[in-house]
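Here are some notes to read alongside the model. Take them one at a time, and find each part on the structure as you go.

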Amino acid sequence: GRPDASVPPSGVSCSGCGAELQCRDGAGPGFVPAEKYRSLSEGPAGAAGLRGAVCQRCWQLAHYGRALRLQLPPEQHRQVVSAALRRPPRHGRGPLLLYLLDVLELPDPVLPQLPGLLGPDVAAAGLLVVGNKVDLLPADSPGHLGRLRQRVVAACAQAGLRGAPLVDVRLVSAKTGFGLEGLISRLQRSWKCAGDVYLLGATNSGKSTLFNILLHSDYCKSRAPDIIDRATVSSWPGTTLNLLKFPIINPTCDRIFRRQERLKQEATKTEDQLSSEEKKYLNHLKKQGYLVGEVGRTFQQQKSSPVVDFDPDMLSYSIDEDPRRTPGKREEREEFSYNEVKDARWCFDTPGIIKENCVLNLLTEKEVKLVLPTHAIIPRTFILKPGMVLFLAALGRVDYLQGEKPAWFSVMASNLLPVRIATLSNADAIYEKHAGQELLKVPMGGEERMKEFPPLVPQDITLKGVGTTEAVADIKLSSAGWVAVTAHVEQELLLRAYTPKGTTLVVREPPLLPYISTIRGARIAGTAAYRTKKPPSIVENLKITGRR
């Protein structure tokens, strides 16, 4: 579609990303092709006819998984978030900040920037930190969720958060629903409806997914899902370009009681009592994550029976003709009444803050889809001797340079990324020959792609083993994944790890999943690899054979 610079901006926000809809700049946020823009805005409703429409970028993301490149610098994302947080307090109280972080990315690269975003003049009433994507990580030992929560608490302390009091730390999966009913109960019990709530976090942390879940939960006014459209969800960084919002329901004593009764009733169910559709959806979630939950609704808006508008002309065309609808009046969208929103508290979804020095910033959309894990990560463990090399696609490399005994290297990354084992003598030749090709897979595009891709740069690492079942550290290869290193007690290892130039390599001590090397099968004869093993999924609040 073409732009038309003569048409002024609409003043109407895209219902997918929150950007102002416009047809002036094809490379700018909120662009709608001029022809489509006019067809929607030149009716009797005027610019209001654009309400509910999405921009070209959201349309491509939602229907084709393709991202249009936008001329939107990371600083503009920060400006939108910072300006929103600096708004004067509504209802006499500052907002609650709901900060979402990706537990796979610990230590979170954006968390230390939060005090700078707030500034000295922002009086936030509280900070609730939510660790997302726990469904992707297997339980390496009993109590692993408690240990993960402590890692998130430690990351908050390390970031030196002093701009707002830390209310709580929760672990959830916005995708599978795990922990979300508990999060909603926590918000309603402690925050009630005292003020607005802002969802904050880095790109790809899952904010838009959480926003959509909360929109269809007991946290939102019952009529809102019929009026407010869902946020666009995509693996492409920076999906939300402006502020999306929904009104928070007032958790009165009666509503809290009815909600608790529903949760108690649902907790008594067994899998056998689920309907066929519920079982099908549950099995779908089990394939995607290790931890599964369900988010229900207590307060439903009663809908009247729809009136069928029967058009006999639609049935009177031949097989060679295209059906053409007779012109009729545009379907009217529901709107909130003044009384419904005059004193409302709102939950805002803010733009994701771009992570600097991140490997995802170097990748194409196809490559991002391969690198970001969307299903439960299956650990892949290898036993390496000194002089051996591990490649994670062409995005990371770990050389075992010196050590007295073999050590175990467990890879936690997208199941779609290949892991290749080589020797020091031929590793450089393998990378030179296969980077950009099918063997290493990402990046993809052959020699031409690798000409523009930054070279791998090394960093030497010294570790001392703590036992053959417990990892000493994770070598985090930017956002491509990490390698947990397990070695004999007191054994010193000299390693050399590589990531693309301009990206961050982190040695994470203590490791996120210290016993991850124990989740493995038998060793494959004649190779350095062990057979993989996928632990079973756990369903929250569902009885199994008569037991919780």
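1. Start with helix H7, residues 207-215, where seven of the nine residues are buried. Buried means under 20% relative accessible area, exposed over 50%, and partly exposed in between, with a 1.4 Å probe and protein chains only. The buried residues of H7 are Lys207, Ser208, Leu210, Phe211, Asn212, Leu214 and Leu215. Helices (H or I, at least four residues) and strands (E, at least two) are DSSP runs, numbered from the N terminus.

2. A word on where this comes from: the model is predicted, local features need pLDDT of at least 70, side-chain atom pairs count only at pLDDT 80 or more, and totals for chains, interfaces and linings use all residues. Residues are numbered from 1 along each chain as its sequence is written, and side-chain values use heavy atoms, with hydrogens and water left out.

3. Now look for the open sheet of six strands, in the order S3-S2-S1-S4-S7-S5, with mixed pairing. Strand S3 (166-171) and strand S5 (244-247) are at its edges; each has a single partner strand, so one side of each lacks a neighbour in the sheet. From one strand to the next, the twist averages 20°. Two strands pair if DSSP finds at least two bridges between them. Strands S1 (residues 96-102) and S2 (residues 126-132) pair in the parallel sense over seven bridges, and Leu101 stands opposite Gly131 in S2.

4. Helix H6 (residues 180-191) lies across S1, S2, S3 and strand S4 (197-201), and runs at about 165° to S3. Axes are lines fitted to C-alpha atoms, for helices over the stretch in contact, and angles run from 0 to 180 degrees between N-to-C directions.

5. How do H6 and helix H9 (residues 253-267) meet, and at what angle do they cross? Their axes come within 12 Å and cross at roughly 160°. H6 and H9 are therefore roughly antiparallel to each other; angles under 35 degrees count as roughly parallel, over 145 as roughly antiparallel, 65 to 115 as roughly perpendicular and the rest as oblique. The contact (heavy atoms within 4.5 Å) is made by Glu181, Ile184, Ser185 and Gln188 of H6 and by Ile256, Arg259, Gln260, Arg262 and Leu263 of H9.

6. There is also an open sheet of five strands, S8-S11-S15-S14-S17, with antiparallel pairing. S8 (380-384) and S17 (505-508) stand at the edges with a single partner strand each, so one side of each has no neighbour in the sheet. Within this sheet, S11 (residues 407-412) and S15 (residues 482-486) pair in the antiparallel sense over five bridges, with Met412 opposite Trp482 in S15.

7. Pro406 sits in the loop between strand S10 (396-402) and S11, and is partly exposed at a relative accessible area of 31%. Its C-alpha atom is separated by 7.5 Å from that of Ala487, 81 residues apart along the chain.

8. Finally, some backbone details to check. Most residues other than glycine have a negative phi, and most peptide bonds are trans. A cis peptide bond joins Leu106 and Pro107, with omega about -5°, and another cis bond joins Val442 and Pro443, with omega about 0°. Lys133 has a positive phi of about 70° and counts as buried at 18% relative accessibility. Glu490 has a positive phi of about 65°, and counts as exposed at 53%.
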